[in-house]
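The sequence and structure are shown first.

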Amino acid sequence: MRATLIYGAGDVRVEQVPDPVLKQPTGALVRVTAACICGSDLHPYHSMSPADGPARIGHEFIGVVEDTGSDVSTVQKGDLVVAPFAFSDGTCEYCREGLQTSCVHGGFWATGDVDGGQGEAVRAPLADGILVKLPVGPDSALIPSLLTLSDVFGTGYHAAVRGGVDERTTVTVIGDGAVGLLAVLSAKRLGAEQIVLMGRHKGRTDLGREFGATDVVAERGEEGVAKVRELTGGQGTHVVLEAVGHMPAYEQAYGVVRAGGTISRVGVPQCEEAPIGFGSLFGGNITLTGGPAPARAYIEELLPDILDGTVEPGKVFDRTVDLDGVPDGYRAMDAREALKALVTP
Ligand SMILES: [Zn+2]
């Protein structure tokens, strides 16, 4: 089969790789019908050393089950399924708590001998823990929105849930990428009345307004912090959802959080060290939370609103490429020509 490999920064290729085969009775083979490129895929696209490549890539997909191991009971051949961006057994203590990204048997796609999502097929190692059957066909108009359940919608929702967003909280969302925009949609879904979106790409922040942002702040750094404070009576917001991962976004986060509030991060951090002292977190009794979203935990909860059209998170896709177009999809997202690229293998 053909799949995407990343050879190093700026070097993504689509090549022939071995066909996946079932290795465990808990596994399933899935023919990918829709996948996508993630903002987090741009991190290795910027910085990966050629010494670490070539490596498979991609962690969001929908596909048709082609074969299952003898222990698999929840999906069968022919089912259209969505997979979360991490795999998990569905049975361990963490999975039962809804923290599948800490599953004791879990892991991430495109690591070790596990396939990446940006290819023609994937071996899903723990099918019952991972795959969720979708009640539509592979050509449904809902596919883009359903595909967001694999990562960006679940991740935006996780940010809002960890941040404790409800109808009594005001919210700032930092970042106008797909996760930031879907964090806006999630905050709206959880009842927040004021949602300030910090982002500077007008096309994206316009979609953010459609998703529920009440205010948009294009300024960054101290100027952006001052603007958010101005919009919130000088206090900042109860919750800040940080969907970027770089240090300036974190600095903005503690700049705009209200005393007693919570910063919830879902942008993959690009640093291990950051301020936690009096001037950042300690002085205002700020809670810092967030992490890799257990997207699997939210699929059943978010699915009905997509099926009945209440929300349309698939609007974050503004480009579609076939497998050969994947390298150009990376280039377009990196150049900010595209917000998020859908891949149809
Ligand atoms: Zn588990």
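In what order do the three strands of the open sheet stand, and is the pairing parallel or antiparallel? The order is β2-β1-β4, and the pairing is antiparallel. The model discussed here is a predicted one.

## The open sheet and its hairpin

At the edges of this sheet stand β2 and β4 (55-56). Each has a single partner strand, so one side of each is left without a neighbour in the sheet. Strands of a sheet pair through backbone hydrogen bonds, in either a parallel or an antiparallel arrangement.

Six bridges join β1 and β2 in the antiparallel sense. Within this pairing, Ala3 stands opposite Glu15 of β2, and Gly8 stands opposite Asp11 of β2. The hairpin of β1 and β2 has two residues between the strands, and Gly10 in this hairpin takes a positive phi near 70°.

Helix α12 spans residues 326-334, and its buried residues are Val326, Gly329, Tyr330 and Met333. These four cover an arc of only 100° around the axis, which puts them on the same side of α12. An α-helix has 3.6 residues a turn, so residues three or four places apart point the same way.

Helix α12 lies across β1 and β2, and runs at about 160° to β2. The cover over its buried residues includes β1 (2-8) and β2 (11-16), together with α1 (42-47), β17 (319-322) and β18 (341-344). Just after α12, Arg336 takes a positive phi of about 65°.

## Pairings of β18

How many of the ten residues of helix α9 are buried? Seven are, so this helix, residues 247-256, is largely enclosed by the rest of the structure. The buried residues are Ala249, Tyr250, Gln252, Ala253, Tyr254, Gly255 and Val256. Among the elements that cover them are the strands β11 (171-174), β12 (195-198), β14 and β15 (257-265), and the helices α8 (221-231) and α10 (278-282).

Strand β14 (residues 237-242) contains His238. This residue is buried, with 23 other C-beta atoms within 10 Å. Apart from neighbours within four places in sequence, His238 is in contact with Thr169, Thr170, Arg258 and Gly261. The C-alpha atoms of His238 and Ser150, 88 residues apart along the chain, are separated by 28 Å.

## Domain arrangement

The domain assignment divides the chain into domain 1 (2-151 + 294-344) and domain 2 (156-290). Taken over C-alpha atoms, the centres of domain 1 and domain 2 are separated by 27 Å.

Contact between the domains involves 14 residues of domain 1 and 13 residues of domain 2. The side of domain 1 that touches domain 2 has seven nonpolar, four polar and three charged residues.

## Backbone geometry in the loops

Most residues other than glycine have a negative phi, and most peptide bonds are trans. The peptide bond from Gly53 to Pro54 is cis, with omega near -5°. Pro54 is found in the loop between α1 and β4.

Ala110 is not a glycine, yet has a positive phi of about 65°. Its place is the loop between β8 (107-108) and β9 (121-124). Asn285 likewise has a positive phi, near 55°, in a residue other than glycine, and lies in the loop between α10 and β16 (287-290). Are these two residues buried or exposed? Ala110 is buried, with 23 other C-beta atoms within 10 Å, whereas Asn285 is exposed, with 9 other C-beta atoms within 10 Å.

Key
Residues numbered from 1 in each chain as written. Predicted model: local features only at pLDDT ≥ 70, side-chain atom pairs only at ≥ 80, totals over all residues. Buried ≥ 20, exposed ≤ 12 C-beta atoms within 10 Å, placed from the backbone. Arc of directions from axis to C-beta. Contact = placed C-beta atoms within 7 Å. Pairing = 2+ DSSP bridges. Axes fitted to C-alpha atoms, helices over the stretch in contact; angles between N-to-C directions. Domains from an automatic or database assignment. Nonpolar A, V, L, I, M, F, W, Y, C, P; charged D, E, K, R; others polar.
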